[in-house]
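Reader: I'm new to this one. Could you show it to me and let me ask how you know what you say about it?

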Amino acid sequence: MESEVSRQELYTEKLMNMIMDAVDDIIIIHDSQHTIIWMNRAAEKAFGKPSDAVIGSKCYSLFGNTVSCNDCTVNVTNVGSPSNAVRRRIIPGTNVTCDCSTIPYYEDGKLKLVVQHLRPVVVQPQ
């Protein structure tokens, strides 16, 4: 039974990775300390870096920062007041402006993971 559960978990993880890699929006998953643990192919393309080179680094380093962003919703989330506000971020190198939202995941009442969702802002022609 245990090996069946393990196979099912592996299958679920692989399936979710396939789905998230098919999404055009940028998805980055990091822990409560901003350490990146996963990102999809859209993120690799947007930042021009393979996930292997980014995993283990801080999410804010992707944006050229040495500390977390001043308006980081994760910092707000860490103190127990989650925010659904959308923030603007600019991707270095391409200067693409994105709307950034965060989705916190709690386990046993503590922030465990954060899903960061970035969607490029589409400028409508005038």
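This is a predicted model: local features need pLDDT of at least 70, side-chain atom pairs count only at pLDDT 80 or more; totals for chains, interfaces and linings use all residues.

Reader: What makes the five strands an open sheet, and in what order do they come?
Author: The order is E2-E1-E5-E4-E3, with antiparallel pairing. Strands here are DSSP runs of E with at least two residues, helices are runs of H or I with at least four, and both are numbered from the N terminus. Two strands pair if DSSP finds at least two bridges between them. E2 and E3 are the edge strands, since each pairs on one side only. From one strand to the next, the twist averages 30 degrees.

Reader: How do you know that E4 and E5 pair?
Author: There are 10 bridges joining E4 to E5, and the two run antiparallel. The definition asks for at least two, so they count as a pair.

Reader: Why is Ser101 called buried?
Author: Its relative accessible area is 19%. Buried means under 20%, exposed means over 50%, and partly exposed is in between (1.4 Å probe, protein chains only), so Ser101 counts as buried. Ser101 sits in strand E4 and stands opposite His117 in E5. Leaving aside neighbours within four places in sequence, Ser101 is in contact (heavy atoms within 4.5 Å) with Ala85, Val86, Val115, Gln116 and His117.

Reader: What makes a group of residues a nonpolar core?
Author: They must be buried Ala, Val, Leu, Ile, Met, Phe, Trp, Tyr or Cys residues, joined through side-chain atoms within 4.5 Å. The largest such core has 17 residues, and Ile26, Ile28, Ile36, Phe47, Leu62, Ile91 and Leu118 touch the most other members. Strands E1 (26-31), E2 (36-39) and E4 (96-107) and helix H2 (41-47) each supply at least two of its residues. H2 gives the most, with four residues. A second, separate core has five residues, including Cys69, Cys72, Leu111 and Val114.

Reader: How do you know that Asp25 and Arg119 form a salt bridge?
Author: Their side chains meet at 2.7 Å, N to O. A salt bridge is a side-chain nitrogen of Lys or Arg within 4 Å of a carboxyl oxygen of Asp or Glu, so this pair qualifies. Asp25 lies in the loop between helix H1 (2-22) and E1, and Arg119 in strand E5 (residues 110-120), so the pair ties together parts that are 94 residues apart in sequence. Asp25 is buried at 14% relative accessible area, whereas Arg119 is partly exposed at 46%.

Reader: How many salt bridges are there in the whole structure?
Author: The search finds five. One of them joins Arg89 and Asp71 at 2.8 Å, N to O. Arg89 is in strand E3 (residues 87-91) and Asp71 in the loop between helix H3 (51-54) and helix H4 (73-78), 18 residues apart. Arg89 counts as buried, at 10% relative accessibility, while Asp71 is partly exposed at 33%.

Reader: Why does Glu107 with Lys112 count as a salt bridge?
Author: Their closest N and O atoms are 3.7 Å apart, which is within the 4 Å limit. Glu107 is partly exposed at 37% relative accessibility, and Lys112 is partly exposed with a relative accessible area of 41%. Salt bridges that share partners also join Asp71, Arg87 and Arg89 into one network.

How values were computed
Residues are numbered from 1 along each chain as its sequence is written. Side-chain values use heavy atoms; hydrogens and water are left out. Axes are lines fitted to C-alpha atoms, for helices over the stretch in contact, and angles run from 0 to 180 degrees between N-to-C directions.
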